[in-house]
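This report describes one protein chain for a reader who has the sequence and the three-dimensional structure at hand. Please look over both before reading on.

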Amino acid sequence: MASNSYEKPDYWSRKAFSEGYPARSVYKLQEIDQKFGMIKKNCTVLDLGSAPGSWTTFLLRSLEGSGRVVSCDLNPLAKSVKGDNLYFFQGDLLSEEIREQIRALGPYDLVVCDAAPLTTGNRTVDTARSSALVEMAVWYAEAMLKKGGNFAVKIFQSGNQADMLKKMREVFESAKGFKPEACRSESFETYLVGLNKK
């Protein structure tokens, strides 16, 4: 018998499989969009740390062939993730070459990041690694979003969540935390949302 919910498919995992998404994480973005109305027709979206591609797939389906989705990860997207308006870069988001390729397709109306670090089981180490990813995503949002653009990023709940929100409030008209129902009950992940870039 599975010792926790990570070892067996739950409602969200089964739903993702039945709807053709590579992973259950899609429903977190769906909830964020339902609450904050971030995805708009003809918008240009940047998906950071996108593999296997559930968020990219949801963005492509939401845009219905309009706009553009730029997606990047160290790992490839699932073969099922396709779209005429999809631009995928496989590489390190911290590399100057990748940054310039991404910048060339912007500026962006929306930047999203569901990236998670390789976890060790040590919560202190894992939250520090998560924070580094959030800082990287905030840099992209600050550098590449249009004025009025929006942003959502995953963070492991920790002591510096307040610091990240403070930083985001310098960039956005408002910034807040939001934990979608699709997050596993025992997970300590949550999301930070920035609205209306200054």
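Two residues are in contact when heavy atoms of the one lie within 4.5 Å of heavy atoms of the other. With this cut-off, arginine 99 is in contact with Leu93, Leu94, Trp139, Tyr140 and Met144, leaving aside its neighbours within four places in sequence. The model in which these contacts are found is a predicted one.

## Overview of the chain

The chain has an average pLDDT of 87, and 85% of its residues score at least 70. Over residues 1-7, by comparison, pLDDT stays under 50, and the model has 8 contacts beyond four places in sequence for this stretch.

The secondary structure comprises 6 helices and 7 strands. Their order along the sequence is α-α-β-α-β-β-α-β-α-β-α-β-β. Of the 198 residues, 51% count as buried. Among contacts between residues at least 6 apart in sequence, 63% join residues at least 24 apart.

## The nonpolar cores

The largest nonpolar core has 31 residues, of which Ile102, Tyr108, Tyr140 and Phe151 touch the most other members. Two or more residues come from each of β1 (44-48), β2 (68-73), α4 (96-104), β4 (108-113), α5 (123-144), β5 (145-156), α6 (161-171) and β6 (172-178). Helix α5 supplies the largest share of this core, with 7 residues.

What surrounds isoleucine 102? Residues up to four places away in sequence are not counted here; beyond them, isoleucine 102 touches Leu46, Val70, Cys72, Phe89, Leu93, Tyr108, Tyr140 and Met144. A second core, of 26 residues, is separate and includes Ile32, Phe36, Cys43 and Leu86.

## Helix α4 and arginine 99

Which residues of α4 are buried? They are Ile98, Arg99 and Ile102. Viewed down the axis of α4, the buried residues fall within an arc of 100°, so they line one face of the helix. An α-helix has 3.6 residues a turn, so residues three or four places apart point the same way. The exposed residues Glu97 and Ala104 are carried on the face of α4 turned away from its buried side. Among the elements that cover the buried residues of α4 are β1, β2, β3 (86-90), β4 and α5.

Arginine 99, which is found in helix α4, is buried yet has no salt bridge. Its nearest side chain of opposite charge is that of glutamate 96, 4.5 Å away. A salt bridge requires a side-chain nitrogen of Lys or Arg within 4 Å of a carboxyl oxygen of Asp or Glu.

## Valine 138 in helix α5

Valine 138 lies in helix α5. Is valine 138 buried or exposed? With a relative accessible area of 3%, valine 138 is buried. Leaving aside neighbours within four places in sequence, valine 138 is in contact with Phe151, Lys167 and Met168. Valine 111 is 27 residues from valine 138 along the chain, and the C-alpha atoms of the two are separated by 9.0 Å.

## Salt bridges

How many salt bridges does a search of the whole structure find? The search finds 7.

| Pair | Closest N to O |
|---|---|
| Glutamate 64 and lysine 41 | 3.0 Å |

Glutamate 64 counts as exposed, at 60% relative accessibility.

The pair of aspartate 109, in strand β4, and lysine 146, in strand β5, links distant parts of the chain, 37 residues apart. Both residues are on partly exposed positions: aspartate 109 at 23% relative accessibility and lysine 146 at 32%.

Lysine 167, a contact of valine 138, lies in helix α6, while glutamate 142 lies in helix α5, so their pair ties together parts that are 25 residues apart in sequence. Lysine 167 is partly exposed at 32% relative accessibility, and glutamate 142 is partly exposed at 35%.

Finally, Lys28, Asp114, Lys154 and Glu189 are linked in a network of salt bridges.

Conventions:
Residues numbered from 1 in each chain as written. Predicted model: local features only at pLDDT ≥ 70, side-chain atom pairs only at ≥ 80, totals over all residues. Heavy atoms only, no water. Core = buried A, V, L, I, M, F, W, Y, C linked by side-chain atoms within 4.5 Å. Buried < 20%, exposed > 50% of the residue type's maximum accessible area, 1.4 Å probe, protein only. Helix = DSSP H or I, 4+ residues; strand = E, 2+ residues; numbered from the N terminus. Arc of directions from axis to C-beta. Lys, Arg positive; Asp, Glu negative; His and termini not counted. pLDDT = per-residue confidence, 0-100.
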